Amino acid sequence: MKKLNVGLIGAGFMGKAHVVGYSNFPKFFWPVEAVPVLKTVFDVNPEIGKEAVARFGFEKSTADWRDIINDSDIDVISICTPNDTHAEMAIAALKAGKHVLCEKPMSNSFEDAQAMAEAAEEAAKKGIIAMCAYQYRRVPAIALAKKFIDEGAIGKILDVRAQYLQSWSADPNSPLSWRFQKSIAGAGTLGDIATHVIDMSQYLAGDITEVVSTVSTYVNERPIQEGGVDLLGTVKLSGDVKKAPVDVDDQTSFMVNFASGAKGSIEATRNAWGRHNFITLEIHGTKGSIAFNYERLNELDVCFADDADDRRGFKTIHTGPAHFYGEVTWNIPGMNIGYGELKTIEIHDFIKAVVEGKQPSTDFAQSFKVEKVVNAVAKSNETKSWQPVL
Ligand code: SOE
């Protein structure tokens, strides 16, 4: 059986998620296109790198990410480091002929994201795959929504309402990690999580062509956190801890127009008490409606206009074996999948793309379309006017 040697760059929160995917996809998708071999892991903190060898099962760790790029034994690379490092790493990896799965957003700057898209286009000529980790479009319920839309089950899309709400930075004492520093993250909520719902909205309703936005910061300074580990609000630092300014957004709302003529609105914040990973989408069409909430990710609510008057209304479909990826996850609806299975589905899609030599749906070209929307949202906030997505 074909083997693919994996290099992981960044062994933190997202590194763990990718390892869960690499380790588990053969268990679900057997027989697989290739078996992954966890070769080398890099982390900026060598102790975390060494720990990842024992914890995740890599053969070795390195304190220099270029060791992974320059290793002729490595076939595929996952990039799970902060946003400011993505472009340099991904471009170097693609030039070295490695297939790349890069965490989102593509980069901390529009120009670097463009350079990544160009590097991927060049590498694609040699059969190299470049994918961005927009996993939520792969939730079986979202794939089912896409099927219903493509089949015309809800008719022509009129409008899309999308939200991504989290609470982990609502407390002003949750620390100033790299996610609150523009020089590293590029943007706050807009780059970190609005990007997911932009991708999902474009997946379901086509390209966004125009936006008008507001972008705001609620907490202007946060306690400085020792060490680079991203604690995502799990720790509160109060008392004498020194604070430093936040220079990214906490919240963004924008109205969008789609190329199809559909209208929509997108909102995102990480300061919504009580909302954890609350990704909601409601789509209304001329013949029906679809509603989804990630906090109940195994469900899709649908309403079809053609149902008789006395029984028309939302009904809930529990995704399972009859739906996308359902035949390989768990064989009874209601057993349910979670974030781990979702990352497993994503990693399998990546490996399949690599072996088949076919770019995945979230390749760098598609992901760059998300960056274009982000860029237009930022511009619109400055100009206080509608901006084209260019
Ligand atoms: C933090 O907001 C975060 O980890 C994002 O960076 C991820 O993309 C999202 O899927 C979960 O939350």
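In the predicted model, the residues around the ligand are Phe13, Lys104, Gln135, Tyr136, Tyr164, Gln166, Trp168, Arg179, Asp192, Ile193, His196 and Leu232, where a residue is taken as near a molecule if one of its heavy atoms lies within 4 Å of it. Because the structure is a predicted model, local features need pLDDT of at least 70 and side-chain atom pairs count only at pLDDT 80 or more, while totals for chains, interfaces and linings use all residues. Residues are numbered from 1 along each chain as its sequence is written, and side-chain values use heavy atoms, with hydrogens and water left out.

By class, this shell comprises six nonpolar, three polar and three charged residues; Ala, Val, Leu, Ile, Met, Phe, Trp, Tyr, Cys and Pro count as nonpolar, Asp, Glu, Lys and Arg as charged, and the others, Gly among them, as polar. Helix H8 (residues 189-205) supplies the largest share of the shell, three residues. Helices (H or I, at least four residues) and strands (E, at least two) are DSSP runs, numbered from the N terminus. Accessible areas come from the Shrake-Rupley method with a 1.4 Å probe, and for residues only the protein chains shown count as cover.

Side chains of opposite charge can pair when their charged atoms come close. A search of the whole structure finds 19 salt bridges, each defined as a side-chain nitrogen of Lys or Arg within 4 Å of a carboxyl oxygen of Asp or Glu. Two residues of the ligand shell, Lys104 and Asp192, meet through their side chains in a salt bridge (3.1 Å, N to O). This pair links distant parts of the chain, with Lys104 in the loop between strand S5 (99-102) and helix H5 (110-124) and Asp192 in helix H8, 88 residues apart. Both Lys104 and Asp192 are buried, a term denoting under 20% relative accessible area, with exposed meaning over 50% and partly exposed in between (1.4 Å probe, protein chains only). Lys104, Arg179, Asp192 and Arg270 are linked in a network of salt bridges.

Glu346 and Lys343 pair at 2.7 Å, N to O; both lie in helix H9, three residues apart, about one turn of the helix, and both are buried. In the pair formed by Arg311 and Asp310, the closest N and O atoms are 2.9 Å apart, and both residues are exposed. A polar contact of 2.8 Å joins the side chains of Gln251 and Ser253. Gln251 is found in strand S11 (residues 251-258) and is buried, with a relative accessible area of 12%.

Most residues other than glycine have a negative phi, and most peptide bonds are trans. The bond from Trp30 to Pro31 is cis, with omega near -5°, and Pro31 is placed in the loop between helix H1 (13-29) and strand S2 (35-42). A cis peptide bond also joins Lys104 and Pro105, with omega about -10°; Pro105 is in the loop between S5 and H5. Lys384, although not a glycine, has a positive phi of about 55°. Lys384 lies in the loop between helix H10 (364-383) and strand S17 (387-388) and counts as exposed, at 61% relative accessibility.

The loop between strand S16 (315-318) and helix H9 (339-356) contains Ile332, which is partly exposed with a relative accessible area of 47%. Trp330, Ile332 and Met335 form a nonpolar surface patch with about 300 Å² of accessible area together. Patches are made of residues with over 30% relative accessible area and no salt bridge, like charges being joined within 9 Å and nonpolar side chains (Val, Leu, Ile, Met, Phe, Trp, Tyr) within 5 Å. Asn336 is placed in the loop between S16 and H9; Asn336 has a positive phi of about 70° although it is not a glycine, and is partly exposed at 35% relative accessibility. Gly338, in the loop between S16 and H9, is partly exposed at 21%. Gly338 and Glu295 are 43 residues apart in sequence and 9.6 Å apart in space, C-alpha to C-alpha.

Terms used. Polar contact = N/O pair within 3.5 Å; in protein donor to acceptor, adjacent residues only side chain to side chain.
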